[in-house]
Amino acid sequence: MELSARNQLKGTVTDVKLGTIMAEVTVDVGGGQTVVSVITRGSVERMQLKVGDAVTVIIKSTEVMLAK
């Protein structure tokens with residue numbers, strides 16, 4: 001699948017926490033960095049996401065903030 005989003009990070013699912021409606025998925029993207037995504041429980045079930053799965057994190061945002 002081709003996507004226009006340039007911010008794509010390959011990683012491995014390290015944790016899946018299921019809620020009633022939503023789920024929190026943690027992905028190790030290497031270098032000691034993780035990305036946490038909150039998606040619907042239905043999406044987790046449809047994709048059959050589980051710990052150890054290889055995934056691509058796609059970040060698409062209209063605003064990015066930095067603080068120091």
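1. Asp53 is buried, with a relative accessible area of 16%; buried means under 20%, exposed over 50%, and partly exposed in between (1.4 Å probe, protein chains only). Asp53 forms a salt bridge with Lys50, the closest N and O atoms being 3.1 Å apart. A salt bridge here is a side-chain nitrogen of Lys or Arg within 4 Å of a carboxyl oxygen of Asp or Glu.

2. This is a predicted model, in which local features need pLDDT of at least 70 and side-chain atom pairs pLDDT 80 or more, while totals for chains, interfaces and linings use all residues. Residues are numbered from 1 along each chain as its sequence is written, and side-chain values use heavy atoms, without hydrogens and water.

3. The count of salt bridges comes to four. Asp15, Lys17 and Glu24 are linked in a network: Lys17 meets Asp15 at 3.8 Å, N to O, and Glu24 at 3.8 Å. Lys17 is partly exposed at 46%, as are Asp15 at 27% and Glu24 at 29%.

4. Pairing requires at least two DSSP bridges between two strands. Strand β2 (residues 22–30) pairs with β3 over eight bridges, and Met22 stands opposite Thr40 in β3.

5. Ile58 is found in strand β4 and is partly exposed, with a relative accessible area of 40%. Beyond its neighbours within four places in sequence, Ile58 is in contact (heavy atoms within 4.5 Å) with Leu3, Ala5, Asn7 and Gln8.

Conventions. Helices (H or I, at least four residues) and strands (E, at least two) are DSSP runs, numbered from the N terminus.
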